[in-house]
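The following note sets out numbered points on the model shown below. Please read them alongside the sequence and the coordinates.

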Amino acid sequence: MSLRIPLEVCTDTGLPSCQLLVRAIHNVLWPLEAWGRGWTCHWVEHDDAWGYCDFDRLRIELAPDLLTDRMDILIPTVAHELTHYRLGPEVPHGKSFNALESKLAFRLGVVYKQSATGKTAPTKGGSKHE
Ligand SMILES: [Zn+2]
């Protein structure tokens with residue numbers, strides 16, 4: 001599977017469109033499903049997170065540093081936030097969350113590192129997510 005990342009640049013931020021990027025990945029994961037009504041995606045810096053899924057404002061936010069410094073975790077971060085988007089606010093990080101996140105990331109070609117304990121340790125070990 002090839003993943004085409006849209007390169008249209010947002011005139012406000014000079015960054016590729018966050019909305020197009022996340023929606024393109026959404027469409028790879030769920031090709032038969034429409035994008036959530038009212039949801040938007042934005043490049044937003046957070047002190048303690050690479051990404052954020054805001055259910056009140058129907059927003060997925062990604063740190064712009066992902067494009068400049070951490071391309072290695074861009075796709076895993078989108079997979080993480082789309083897991084939140086998919087499962088909704090009632091499902092916290094945990095076993096079922098991790099199961100879906102791993103499945104989505106795998107389908108996007110993300111390779112998770114295997115720790116010594118045998119527990120799957122995604123590249124988010126040293127990264128920040130909300
Ligand atoms: Zn999270």
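Among contacts in the protein chain between residues at least 6 apart in sequence, what percentage join residues at least 24 apart? The share is 43%, where two residues are in contact if their C-beta atoms, placed from the backbone, lie within 7 Å.

1. Basis of the note. The model is predicted: local features need pLDDT of at least 70, side-chain atom pairs count only at pLDDT 80 or more, and totals for chains, interfaces and linings use all residues. Residues are numbered from 1 along each chain as its sequence is written.

2. Overall composition. The protein chain has four helices and five strands, arranged along the sequence as α-β-β-β-α-α-α-β-β. Helices (H or I, at least four residues) and strands (E, at least two) are DSSP runs, numbered from the N terminus. Of the 130 residues in the protein chain, 25% are buried; a residue is buried if 20 or more other C-beta atoms lie within 10 Å of its own, exposed if 12 or fewer, and partly exposed in between, with C-beta atoms placed from the backbone.

3. The sheet. An open, mixed sheet is formed by three strands in the order β1-β3-β2; two strands pair if DSSP finds at least two bridges between them. Its edge strands, β1 (40-43) and β2 (51-54), each pair on one side only. On average, neighbouring strands of this sheet are turned by 15 degrees against each other, direction ignored. Axes are lines fitted to C-alpha atoms, for helices over the stretch in contact, and angles run from 0 to 180 degrees between N-to-C directions.

4. Strand pairings. Four bridges join β1 to β3 (residues 59-62) in the parallel sense. In this part of the model, C41 has I60 of β3 as its bridge partner, and H42 stands opposite E61 in β3. The pairing of β2 with β3 is antiparallel, again over four bridges, and G51 has L62 of β3 as its bridge partner.

5. The hairpin turn. β2 and β3 form a hairpin with four residues between them. L58 lies in the loop between these strands and has a positive phi of about 55 degrees although it is not a glycine. Most residues other than glycine have a negative phi. L58 counts as partly exposed because it has 13 C-beta neighbours inside 10 Å.

6. Helices on the sheet. Helix α1 (residues 18-29) lies across β1 and β3 and runs at about 125 degrees to β1. Helix α3 (residues 74-87) also packs on the sheet, where it touches β2 and β3; its direction makes about 15 degrees with that of β2.

7. Packing of α3 with α4. Helix α4 (residues 95-107) packs against α3 at an angle of about 130 degrees, with the axes 9 Å apart. The two helices are therefore oblique to each other; angles under 35 degrees count as roughly parallel, over 145 as roughly antiparallel, 65 to 115 as roughly perpendicular and the rest as oblique. The contact involves P76, A79, H80, L82, T83, R86 and L87 of α3, together with F97, L100, E101, L104 and A105 of α4.
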